[in-house]
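Hi,

Here is the model I promised to pass on. Have a look first, and then read my notes below.

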Protein chains: 2
Amino acid sequence: MADTSSRRPRRRAKQPTIAEVAREAGVSAITVSRVLNTPESVRETTRRRVEAAIETVGYVPNRLAGSLASAQSRFIAVIVPSLSNIVFTEVIQGLQATFEARGYQILLGNTDYDLQREDQLVGTFLGWSPAALVITGLRHSEVCGRRLRQWEGPIVEIMELGTAIDLNVGLDHLKAGRCMAGHLRERGYRRVVYVGAQMARDYRARLRYEGHCEVLAAAGLEAPLLDMDQLGQFETGARALDQVLATHPETEAIHFANDDLATGALLHANRLGIAVPQRIAIAGFNGLAIGQHVTPRLTSIASPRELIGRRAAQAVLARLDGEATVDGPLDVGFTLMAGEST
Amino acid sequence: MADTSSRRPRRRAKQPTIAEVAREAGVSAITVSRVLNTPESVRETTRRRVEAAIETVGYVPNRLAGSLASAQSRFIAVIVPSLSNIVFTEVIQGLQATFEARGYQILLGNTDYDLQREDQLVGTFLGWSPAALVITGLRHSEVCGRRLRQWEGPIVEIMELGTAIDLNVGLDHLKAGRCMAGHLRERGYRRVVYVGAQMARDYRARLRYEGHCEVLAAAGLEAPLLDMDQLGQFETGARALDQVLATHPETEAIHFANDDLATGALLHANRLGIAVPQRIAIAGFNGLAIGQHVTPRLTSIASPRELIGRRAAQAVLARLDGEATVDGPLDVGFTLMAGEST
DNA sequence: CGGTTCAATGTTAGCGCTAACATCCATTGT
DNA sequence: ACAATGGATGTTAGCGCTAACATTGAACCG
């Protein structure tokens, strides 16, 4: 019978391995590993010899093997609900910049605002033993919550504040909703409609609406809601304006759930020759750049999106470095930007 | 002395492993592996037993180990030059949607238009044995090009067309530049300035400018260039308009390198009461949504960004599935969108 | 009814790396 | 002079999984 000790030629003549480098440099594999991971623990002359060997054989470390052996990987799983919303891409940018500077890579997942999808992604990602997990929002499916709590690595829940599994960086959406409604009240608007898009899935917009309602209720005013089913884009904002003017012509101001909607409405008003804010005032949320370039400038609440990304990354890095971390949620705040649209 | 065969308690009492599942189900590890990877090769009853066991022990497969053993991973390295540009986030969205549906994850890298950074990222990413690599552009550092050519996996170079290392999906920027310049010529504009932002690093904008020059030269016209040093954002476009009006007041039209600049300029013109296109015409590139909502609507060239992502992903998947792939570059084309701004 | 075939499952040996411990040897202290 | 020390390097045994081959047993065949 075939000699069972000489069966399989498994290696796929690919990249050189650490063993090749070791042979070339006349040292053992572990020394090469040390040169790569803890260079200060190797003597200068040896290190140089190994570095030269790495160069000559063209060695690229296999990080899968390294991570498996050390049970530590250098990537960060990031889960966002949407990539079509610029808000999240800005957060990702903040994460990216901070993590990449420290040699961590980002593994990106998109839930499309679907908690089931989120659960699935968390499962997949945890299988990669990421160094940390960044996830949007505080609400997860039950299974997912359990899975997350079981996991030992750092988890940051971003965008909003509340009772988090581990770290938490965000802003208070309820307060933001109150803030904008308060601003509109100050300006004397009484008939204010709140317009959102697909609010069933965007519960942070619902939180802002709640804040909005509180303020109006306190003033004895109604707080009608228009929830569009399309995505929260310019076009939807324009249609929402039409709809509000048609069905609630007495409306004095519209509080939009985000700046895309608000900008769409404002530009549409420009097109139709409707005076903003005289005929109708318009306010948004997020403080996107475009709002400062339209006429009149859009009143909005600036959310520090990139900052959220950076702070979240910093919190994770501090944890990974074993530093003491902030206890409790980190509030990045928000700023009311009063433009001429209200 | 200590018995050397009983040294180390290496395992970090973490997640259950495939062995636990196997024990629970009363099968061998490989059977569990098969249930996970090639379920059709396992008998129905066995499969169900294993699935139940997976459920009870709460098993999450360790993909590092799996990938190491099989020399195949389920992620795709994606390298873009910028995340602040919505163009790339839309491409990423297309990639994401297509890859995630097939169970691949995206590992994201950002070069900030720095070829050295690109080289570094490629090095890191290849160490993760990705299933494929998606990289922006055809121009790489020499070292990087060599590294890429050596690698055996599928590589797609996206955004532009030309001589690629492997797969190629994009559009012809030279032609796009010609197309817009041709449009402006047709409308009768003779004094046209091309305005870009940081064109030293954005060579695709330079290609469009080249196309622009060709057309103007053919008509015996000059093609002055204004290259702003700021990022290509609204604000920069507004400043560029001021600058053009101040230094080249005779200018009849501005061909902007992208829609952010063009929109910034157009909104600025609105603010200043400058008639577009009567006093000055404005054209952009990319066909962003905002351009269709400003007044007058922005003339632009729509680049199918999400489509680039999807096509790139499809090409990779076809290759990974061993299907015959398209030979040569895949041109996704572009569309001139004539608005009222020209 | 022994032999062939084939589907289902098992055994074994790595994938390429690093943790943990072992060894070696030049210093240092007494 | 010799033990104790400690920095540099080596040896060994996995990390958790899957490729490759082996085995089993039921179905099938002439």
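First, the ground rules. This is a predicted model, in which local features need pLDDT of at least 70, side-chain atom pairs count only at pLDDT 80 or more, and totals for chains, interfaces and linings use all residues. Residues are numbered from 1 along each chain as its sequence is written, chains are lettered from A and ligands numbered from 1 in the order in which they are written, and side-chain values use heavy atoms, with hydrogens and water left out.

Domains: chain A is assigned domain 1 (10-61), domain 2 (74-170 + 306-332) and domain 3 (173-302), the bounds coming from an automatic or database domain assignment. Over C-alpha atoms, the centres of domain 1 and domain 2 of chain A are 34 Å apart.

Now the helix pairs. Two packed helices are described by the angle between their axes and the distance between the axes. Helices (H or I, at least four residues) and strands (E, at least two) are DSSP runs numbered from the N terminus. Axes are lines fitted to C-alpha atoms, for helices over the stretch in contact, with angles running from 0 to 180 degrees between N-to-C directions.

In chain A, helix α2 (residues 29-37) packs against helix α3 (residues 44-57) at about 95°, with the axes 10 Å apart. So α2(A) is roughly perpendicular to α3(A); angles of 65 to 115 degrees get that label, under 35 is roughly parallel, over 145 roughly antiparallel and the rest oblique. On the α2(A) side the contact (heavy atoms within 4.5 Å) uses Thr31(A), Val32(A), Val35(A) and Leu36(A), and on the α3(A) side Thr46(A), Arg47(A), Val50(A), Glu51(A) and Ile54(A). That contact divides into five nonpolar, two polar and two charged residues. Here Ala, Val, Leu, Ile, Met, Phe, Trp, Tyr, Cys and Pro count as nonpolar, Asp, Glu, Lys and Arg as charged, and the others, Gly among them, as polar.

In chain B, the axes of α10 (residues 234-247) and α11 (residues 259-272) come within 6 Å and cross at roughly 60°, which means α10(B) is oblique to α11(B). Residues in the contact include Phe234(B) and Leu241(B) of α10(B), and Leu261(B) and His268(B) of α11(B). By class, the contact of α10(B) with α11(B) has seven nonpolar, five polar and three charged residues.

Also in chain B, Thr46(B) sits in helix α3 (residues 44-57). Thr46(B) is buried at 12% relative accessible area; buried means under 20%, exposed over 50% and partly exposed in between (1.4 Å probe, protein chains only). Neighbours within four places in sequence aside, Thr46(B) touches Val27(B) and Thr31(B).

Last, the backbone. Most residues other than glycine have a negative phi, and most peptide bonds are trans. The exceptions I'd look at:

- Thr295(A) and Pro296(A) are joined by a cis peptide bond, omega about -10°; Pro296(A) is in the loop between β9 (281-283) and β10 (300-302) of chain A.
- The Thr295(B) to Pro296(B) bond is cis, with omega near -5°.
- Ser129(A) has a positive phi near 40°, lies in the loop between α6 (115-126) and β3 (132-136) of chain A, and is buried at 12%.
- Asp112(B) has a positive phi of about 55°, lies in the loop between β2 (105-110) and α6 (115-126) of chain B, and is exposed at 53%.

Cheers
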